[in-house]
Amino acid sequence: MNKIKGYLSKKQFSKFQEGIKKLSFLTEGYAIIATETFQIKVLSKIYISEQLIKFQEYEIENSTDLISIIQKNQKNKELIILSFYNHTDKDKIISILQMQRAILLKMKLIIFCNFAFFSEIKNTANDFLNRSKLTIKISDLRNQSIKDLKDNETSSKKQIEFETLKKDLASYKKTEKKNKKLLLDKLFNTAIIASKISENDYASDLYKEAIKIAKKIKDKEYLPSILANLGNINYLHGNFDKALNIYNEAAHLTKDSYFLSIILSHIGNIYLDKGDLDEALNFQNLALKFSKESNNLEALATVYNNIGIIHTSKNDYNKALEYYNQALKINKEINDVKGQAKQLSNIGNTYFDKGYNQKALSFHKKSLIIEKETEDKEGIASSFINISNILEEIGETEHAISYSEKALSILKKIKKKQAIADQLNNLGLLYLGNGNSDKASDFLYEALNIYNKIGDISGQASAINNICNVLYYLGDLTKALKLYDEALNLYNEINDISGKASVLANKAGIFSIQGDSEKALKLFNQSLKINKSIENIQGLASDYLNIAFIYDDLGDIDEAVVFHNKALKIYEDLGDEKGQATQLMNLGSIFYSKCEYQISKKHYKKALTKFEFTDSVEGVASVYSNLGSIYMDTGKMSKAKEFYSKAISLYQKIKNMEGETFVMEKLGILFFNYGDMSESLKFHNNSLELNKKISNKQGEMSSLNNIGNIYYTTNKYDKALEYYEKSLEIATQINYIKGQAPSLGNIGNVYQKQGNYEKALIFHEKSAEISKNNNKESYANDLNNIANIYYEQKKYSLAKEYYSKALKINKKIENLLGEAQNYGNTGACFFQESNFDEALKYYQKSLTINEKIENKHGVAEDLFNIGEVYFKFNNKNSAKKYFEQALRNFEYIGDKIGREIALEYLEKIK
């Protein structure tokens, strides 16, 4: 039996770390560790509850040794280490351990053993743990405890070293005053240790004192380093201008290439943080020159990395990749595994920015493997976050949340408050994207609370901005606007103009849905101006997109296309496949609104290819949904149903309930057009329940309106009115002005059907007042509805006047479907006035447009109307021809009512 006492070195610690191969069970005083080699002894200082203690190690050769040690040490308060390297007496040793478990549990004990003992001792440990009344922590040394011990050792050692140096410095100042060189040395060394244990204010004071002495004695050896370290402290505290002045002074005092490369690189980082990318790049290139001169590969890798970051900030992703790969190559050459993990992560993020999601994922997984091997908890958390971002992008929100929560768990263990707050903020947005507004709010408010405590104003503004997004989603627009102003004030306080642009854009979004397009456009242009000034390319693209949507609402389609193409050009320049896909889809929607279905379909299919390339399930589902709408509008109902079903299946796969409910609504409309009201009602009710579940107020309003339409069509006007009024009530509650218009119009339609024309006019005029300044297409529809009332009142001249006003707007905004309807309705007025020649002329204009835009339902109605004119002309052959064509079209689109009326007229002709 050998007995060892003492403390051990860091070199020995690294050997110990390499030897751990299996699990350990770590308690407040008890651990069992399996090792692969017999030569490993205690190779590190051991800390229990973060307190340094002495240890005694015993090498156990037989069972007699073990009994003797237990008897002698059962009351010993020091750490006892038992090392089993000879397993010839294994069975007896294990038996003793089992019998003496009660005594062993009271000892501060660690057991080292080889594999021959492991399984039995592991069971004994579990037995101890199960019977113990103590609070016991169980850990896996491979992933946690070794690093914890090492961190504790380093932290405690530095604390002890700091206290010693501090006392020595104080003592020296009192007794020795002449040797300034030695005092300078002591000040510098004490300051370095103070910085390492986060005593930055104290360190800063020491450095300032050291600078005065160094300048006084004209010491050129220490002064540059002292200045650089003082600069580092100011940089970490965000005192950029002060740090710059100090770094510049340090740079001018040295000719050492390696030192210059570090200082210049720090200066470059400051300019990067200040947003001056060109100046940042100038200094990093100077740093690159001196790091090459010094032939210091570690410094060279760092500078390559920093240059890569600048090019990433400039959205020059290919250039960024070039520098990250050069840094990675050096990291491999010098065997810097942590550096390799960092570069793999940077490369992954760059591919993510380019829209290459699977490629990005592969790099982050490579980085994660290294981080796990090196037990880099912060790195592991960072990789989890990066993987989460990719999973969110490709629509796998549930998996994204899982990785994000793993990251949060690690960050909480290592007590990184800033990172914890940032991750809570991210999780809030993830849950919002998944339709869980309650959890989103919980995480965002928790993040805000931490930001408040640590005094992070930028974080506070970001969290408030995101809380506003939740309120926007819930429809509480008034409260959201008020809070956006709070976020804006915070961004102004810290002069964060990028954050300011983001808030302005968000506020503009609210004004847009409130129907104030003029104010929305003004704010989007303010955001655009800021993003141009700071070269925020992504922000610029977003502003172009939002402005395009405003022009689309205003009916200025040409201007909308211009801004969509501007956004598309940015994404093409960036090589951002996902951004390009989204813009192609938006352009497809523009041409869809113009009923230019072939051009629309072409854009959608291009978008589909890019979404598939970037593995964006959500994007693919969205394209399927849009293609379904084209097929529905062109009367290809079975094809429409096929694409809607594909879309809903994908949304369900990625658990995107918002997308799922949107497509359910589309399927409800599809069956409505089929004339299958029962199936339509089923889908709209499902959509309504899902919207309620995810607190989607705007979606809820839409579902209520659609259900109202079914009851309206089936002549259940009271029931229809009930649902329309519920929808209007929600729109009013959440101050969604633009959303009130459809409900007002629908209520007007009910009163019209009930013969209450006075009330009907009031509601249609209210709807028109809202739509007039923010949605030209809706405004034209409102005018059409007013005309319909005059038509039913047999005031055909007034009706034609309003149909003409609506037609003028629809021509201006190139709404061909609206034009066709206006022509058809005007034709009906002339028909009622027995002016059959004019009626025929307008019906044929409507038919020409509906055939052009493949509006099968419109074509069927026009053919029937023309047949009715010929019937009035007593031209039975022509009437029969058009009624038969109408019948075929009604049957094709599944319109049962239209089919029956056509058959009825054909019977009359017979």
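Helices (H or I, at least four residues) and strands (E, at least two) are DSSP runs, numbered from the N terminus. The model is predicted: local features need pLDDT of at least 70, side-chain atom pairs count only at pLDDT 80 or more, and totals for chains, interfaces and linings use all residues. Residues are numbered from 1 along each chain as its sequence is written, and side-chain values use heavy atoms, with hydrogens and water left out.

The secondary structure of the protein chain comprises 43 helices and eight strands. The chain has 910 residues, and 53% of these count as buried. Buried means under 20% relative accessible area, exposed over 50%, and partly exposed in between (1.4 Å probe, protein chains only). Contact means heavy atoms within 4.5 Å. Among contacts between residues at least 6 apart in sequence, 58% join residues at least 24 apart.

Tyr202 lies in helix 8 (residues 200-216). Its relative accessibility is 23%, so Tyr202 counts as partly exposed. Thr190 is twelve residues from Tyr202 along the chain, and the C-alpha atoms of the two are separated by 9.6 Å.

Helix 7 (residues 180-196) packs with helix 9 (residues 223-236) at an angle of about 25°. Their axes are 11 Å apart. Helix 7 is therefore roughly parallel to helix 9. Axes are lines fitted to C-alpha atoms, for helices over the stretch in contact, and angles run from 0 to 180 degrees between N-to-C directions. Angles under 35 degrees count as roughly parallel, over 145 as roughly antiparallel, 65 to 115 as roughly perpendicular and the rest as oblique. On the helix 7 side, the contact is made by Leu184, Phe188, Ile192 and Ser195. Helix 9 contributes Ser225, Ile226, Asn229 and Ile233. An α-helix has 3.6 residues a turn, so residues three or four places apart point the same way. The crossing of helix 7 and helix 9 is left-handed. A crossing is left-handed if the near helix is turned anticlockwise from the far one by less than a right angle, and right-handed if clockwise.

Helix 12 (residues 277-294) has 18 residues, which at 1.5 Å a residue should span 26 Å. The expected span of a helix is 1.5 Å times one less than its number of residues. The end C-alpha atoms of helix 12 are 25 Å apart, in agreement. Its buried residues are Leu277, Ala280, Leu281, Phe283, Gln284, Ala287, Leu288, Phe290 and Ser291. These pack against helix 11 (257-273) and helix 13 (297-313).

Asn295 follows helix 12 and is found in the loop between helix 12 and helix 13. Its phi is near 55°, a positive value in a residue other than glycine. Asn295 is exposed, with a relative accessible area of 62%. Asn315 occupies the loop between helix 13 and helix 14 (317-333). Asn315 is not a glycine either, yet has a positive phi of about 65°. Asn315 is buried, with a relative accessible area of 12%.

Helix 16 (residues 357-373) has 17 residues and should span 24 Å at 1.5 Å a residue. Its end C-alpha atoms are 25 Å apart, which agrees. The buried residues of helix 16 are Asn357, Ala360, Leu361, Phe363, His364, Ser367, Leu368, Ile370 and Glu371. Their cover includes helix 15 (337-354) and helix 17 (377-393). Glu375 follows helix 16 and has a positive phi, near 55°.

Helix 15 and helix 16 pack at an angle of about 165°, with axes 8 Å apart. The two are therefore roughly antiparallel. Helix 15 passes helix 16 in a left-handed crossing. Residues of helix 15 in this contact include Val337, Ala341, Leu344 and Phe352. Among their partners in helix 16 are Ala360, Phe363, His364 and Ile370.

Helix 31 (residues 657-674) packs with helix 33 (residues 697-713) at an angle of about 10°, with axes 11 Å apart. That makes helix 31 roughly parallel to helix 33. The crossing of helix 31 and helix 33 is left-handed. Glu665, Ile669 and Phe672 of helix 31 meet Ser702, Ser703, Asn706, Asn709, Ile710 and Thr713 of helix 33.
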